[in-house]
Amino acid sequence: MMDTPLSISSIAEHVRKFHAGREIMSVTVDNPAHRYTWGDCIDRSKQLAKALAGLGLERGDRVATIAWNDYRHLEVYYGVSGGGYVCHTINPRLFPEQLIFIINHADDRWLFVDVMFMPLIEKLAEHIKGVEGIVVMTDEAHMPETALDNVHCYETLVGNETPDYDWPDLDENSAAALCYTSGTTGDPKGVLYSHRSSVLHAFASIAPDALNLSSSDTILPVVPLFHVNAWGIPYSAAMTGAKLVLPGPKMGDGETLYKLLEAEEASLALGVPTVWLALLQYCATAGVTLDKLDRTVIGGAAVPRSMIEEFRDKHDVVVIQGWGMTEMSPLGTANTLKAGLESLSPDEKLDLATKAGRGIYGCELRIVDDEGKELPWDGVAYGALQVRGPWICSDYFKLAGSAGSHTPDGWFDTGDVATIDENGYMAITDRTKDVIKSGGEWISSIELENTAVGHPAVAEAAVIGVAHPKWTERPLLIIVKAEGADISKEEMLEYFDGKVATWWIPNDVAFVDELPHTATGKIKKIELRKQFADYAFPE
Ligand code: AMP
């Protein structure tokens with residue numbers, strides 16, 4: 001068979017030849033409804049690739065982005081990776097120290113930024129001396145005033161070139177993109193994706209039992225382009241020729257999302273649970289339903305049963321839960337119904353949908369005990385979840401094995417604790433460091449949180465282990481009440497009766513106005529543990 005390289009530019013050429021007229025709609029700071037086509041996008045990516053060479057960039061150099069989801073950011077994906085450089089997407093919500101660390105560690109030579117991030121860049125500038133220039137992703141009319149040197153306008157840079165450009169031939173194992181983990185402990189760690197790994201991941205994720213993508217889909221990725229390449233959507237959407245709707249800076253807002261989903265007739269939307277909470281709350285308050293949306297992929301954190309139920313019963317939307325990590329490109333599992341399970345009752349189907357899903361082809365899974373011995377797939381035994389496959393990182397960028405993240409036999413240790421049932425459905429019970437150890441047994445904080453948010457008076461819940469003189473640790477439930485709702489400690493605890501094992505029921509409930517979140521929308525347990533460091537259970 002031919003050994004043609006699996007490259008990002010081959011995806012660009014495919015979409016340009018077969019789906020050139022398919023639309024990409026974007027909300028940008030300078031235009032609330034920008035429309036053009038995949039053909040335009042790839043032409044402009046080529047113009048950008050030419051311009052990058054003109055800036056003096058060389059093969060393998062890192063070009064960073066700090067930007068929301070819009071068409072210019074998508075062009076940077078293709079122009080940078082296709083041109084032979086590495087597209088390093090940065091999360092603007094990280095702390096300044098983390099941003100400085102990441103930009104310097106990655107040796108980013110140029111930064112492509114949205115206008116609104118210029119004040120941030122101005123503050124960082126003296127600490128990121130390796131950066132040679134900045135491209136502001138807007139037109140001349142919207143260029144900001146700045147005292148920084150070597151600041152260019154994106155539209156001018158791209159507009160000065162023509163699209164007659166041949167993508168370079170690249171080794172499929174060369175680097176295409178770079179993303180750093182959110183770094184809840186220690187410094188953020190870089191994951192370098194190759195052309196080959198990105199293409200294989202896209203192939204796998206479009207399959208019917210994964211995201212089930214086709215040219216008929218209209219996809220709205222609420223997941224940011226800086227969160228593990230928006231779960232690979234820039235590549236998988238192009239591979240299939242799906243229409244893209246890119247929500248720009250207002251993606252956390254329930255009303256904006258609702259209006260976009262309806263107006264653009266999105267068939268699929270993807271995001272972390274927090275954004276869907278906002279959307280569902282908006283729909284409930286405004287008394288509206290999602291009439292166009294067909295399915296939603298939710299991952300990045302456990303998906304509460306009540307959320308899946310609300311999507312199904314109120315909006316007729318199927319939830320596909322996915323699990324993965326920055327280190328895994330990210331997709332490892334997807335939760336779709338397996339043949340033979342059709343006869344499950346609606347309630348049993350809902351229970352199944354709360355699991356993270358089945359491993360997709362290309363991502364091997366195993367769970368092991370403390371001695372590294374493999375555990376059975378019985379849905380009960382839980383252990384450290386390890387993975388292996390062609391889109392799983394073999395090491396972190398520049399760390400040369402020092403992170404201790406891989407086993408001697410070549411599996412990546414995810415840091416998650418999980419069960420896997422007879423049908424191959426994996427369920428995350430916790431992050432290894434969040435597990436609550438009570439009297440020698442483990443309690444799943446995720447299951448308690450998911451149960452708590454099933455109560456209509458609870459908007460968001462987190463459970464942490466707090467030291468206990470007799471049991472070592474016991475669960476403390478921390479909740480944010482839903483707007484206008486009230487619930488007492490006793491009522492909350494009674495709600496767990498019959499839903500979880502009696503000895504799992506939290507010892508106490510704390511009410512807070514809001515929970516701390518990480519830059520990717522996960523509850524920041526480390527911060528919560530600090531906040532409740534002096535907490536002691538009532539006698
Ligand atoms: P990140 O690399 O920021 O995407 O974070 C990856 C981590 O998010 C995983 O290791 C899990 O702990 C968590 N995660 C992702 N998807 C799920 C899911 N469906 N259920 C529970 N946790 C999840």
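Let's start at the ligand: β14 (318-324) and β20 (425-431) each put at least two residues into the shell around it, where strands, E in DSSP, are runs of at least two residues numbered from the N terminus, and a shell residue has a heavy atom within 4 Å of the ligand. Quick housekeeping: this is a predicted model, so local features need pLDDT of at least 70 and side-chain atom pairs pLDDT 80 or more, while totals for chains, interfaces and linings use all residues. Numbering runs from 1 along each chain as its sequence is written, and side-chain values use heavy atoms, leaving out hydrogens and water.

Which strand gives the most to that shell? It's β14, with four residues. The ligand has 15 residues around it, and among the nearest are Asp416 and Arg431.

Now the polar contacts, meaning N or O pairs within 3.5 Å. Glycine 322 has a backbone N or O atom 2.9 Å from a ligand nitrogen, and a polar backbone atom of glycine 300 sits 3.0 Å from a nitrogen of the ligand. The protein buries 92% of the 500 Å² that the ligand exposes when taken alone, by Shrake-Rupley with a 1.4 Å probe.

Over to the sheet. Seven strands make an open, mixed one, ordered β7-β6-β5-β3-β4-β8-β9; strands pair when DSSP finds at least two bridges between them. At the edges, β7 (151-153) and β9 (190-194) each pair on one side only. Inside, β3 (62-66) and β4 (86-89) run parallel, joined by four bridges, and alanine 64 has histidine 88 of β4 as its bridge partner.

Definitions and conventions. A polar contact is a pair of N or O atoms within 3.5 Å; within protein, one must be able to donate a hydrogen and the other to accept it, and residues adjacent in sequence count only if both atoms are side-chain atoms.
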